[in-house]
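Subject: Structure handover

Hi,

Here is the structure I promised to pass on to you. Could you open it alongside this message and follow along as you read?

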Amino acid sequence: MPSDLNANGHIFGGWILSQMDLAAGGEAISYCNGPVATVAITGMQFHQPVLPGDLLSVYTDVVKVGTTSITIHIEVMVLRRGNDKEIKVTEGDFVFVSLDEAHRPKKIDKEA
């Protein structure tokens, strides 16, 4: 949508970050079998712009599990009109903490 564009006519980076957080959050919730909260974003890189009309895909991979936290690597790929090969446009590592009913850090069962 036009409201999702930056001054260069590309998709606003904040919108892309929100899609990454949603995808990684879903992965973290599934792994931790319960609620999580984003606590850090590390190693964020924007490789290429996302253009209006690009088809966006977000891929997640659990890369580290600590006592109460989980780190998920996210890659954002696009399929541009007229191309049949995905292009990596963004990647980063998001850190989540598992939460108990009182919204306090909860130990992650690594056998989940």
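This is a predicted model: local features need pLDDT of at least 70, side-chain atom pairs count only at pLDDT 80 or more; totals for chains, interfaces and linings use all residues.

Four strands make up an open sheet, arranged E1-E4-E3-E2 with antiparallel pairing. Strand E1 (36-46) and E2 are the edge strands; each has a single partner strand, so one side of each has no neighbour in the sheet. From one strand to the next, the twist averages 25°. Helix H1 packs on this sheet and touches E1, E2, E3 and E4. Its direction makes an angle of about 50° with that of E4.

If you zoom in on E2 and E3, you will see a hairpin with 3 residues between the two strands. E2 covers residues 55-65 and E3 covers residues 69-79, and their antiparallel pairing runs over 10 bridges.

The core

Which residues have the most contacts inside the largest nonpolar core? They are Ile-70, Ile-72, Ile-74 and Phe-96, in a core of 18 residues. Helix H1 (13-32), E3 and strand E4 (87-98) are the elements that each give two or more residues to this core.

Leaving out residues up to four places away in sequence, Ile-70 touches Ala-28, Tyr-31, Cys-32, Val-62, Lys-64, Val-65, Phe-94, Val-95, Phe-96 and Ile-108.

Then take Thr-71, which lies in strand E3. Is Thr-71 buried or exposed? Its relative accessible area is 14%, and because buried means under 20%, Thr-71 counts as buried. Beyond its neighbours within four places in sequence, Thr-71 is in contact with Asp-61, Val-62, Val-63 and Lys-64, as well as Asp-93, Phe-94 and Val-95.

The charged pairs

Side chains of opposite charge can pair when their charged atoms come close. How many salt bridges does a search of the whole structure find? There are 3.

One of them joins Arg-80 and Asp-54, with the closest N and O atoms 3.0 Å apart. Arg-80 is in the loop between E3 and E4, while Asp-54 is in the loop between E1 and E2, so this pair ties together parts that are 26 residues apart in sequence. Arg-80 and Asp-54 are both buried.

Another salt bridge is formed by the side chains of Glu-75 and Lys-88, at 3.3 Å from N to O. This pair links distant parts of the chain, since Glu-75 is in strand E3 and Lys-88 in strand E4, 13 residues apart. Glu-75 is partly exposed at 24% relative accessibility, and Lys-88 is partly exposed too, with a relative accessible area of 30%.

Lys-88 also meets Glu-91 in a salt bridge, at 3.6 Å from N to O. Glu-91 counts as buried, at 13% relative accessibility. Through shared partners, these salt bridges join Glu-75, Lys-88 and Glu-91 into one network.

Happy to go through any of this with you on screen.

Best wishes

Terms used. Residues are numbered from 1 along each chain as its sequence is written. Side-chain values use heavy atoms; hydrogens and water are left out. Two strands pair if DSSP finds at least two bridges between them. A nonpolar core is a set of buried Ala, Val, Leu, Ile, Met, Phe, Trp, Tyr and Cys residues joined through side-chain atoms within 4.5 Å. Buried means under 20% relative accessible area, exposed over 50%, partly exposed in between (1.4 Å probe, protein chains only). Contact means heavy atoms within 4.5 Å. Axes are lines fitted to C-alpha atoms, for helices over the stretch in contact, and angles run from 0 to 180 degrees between N-to-C directions. A salt bridge is a side-chain nitrogen of Lys or Arg within 4 Å of a carboxyl oxygen of Asp or Glu.
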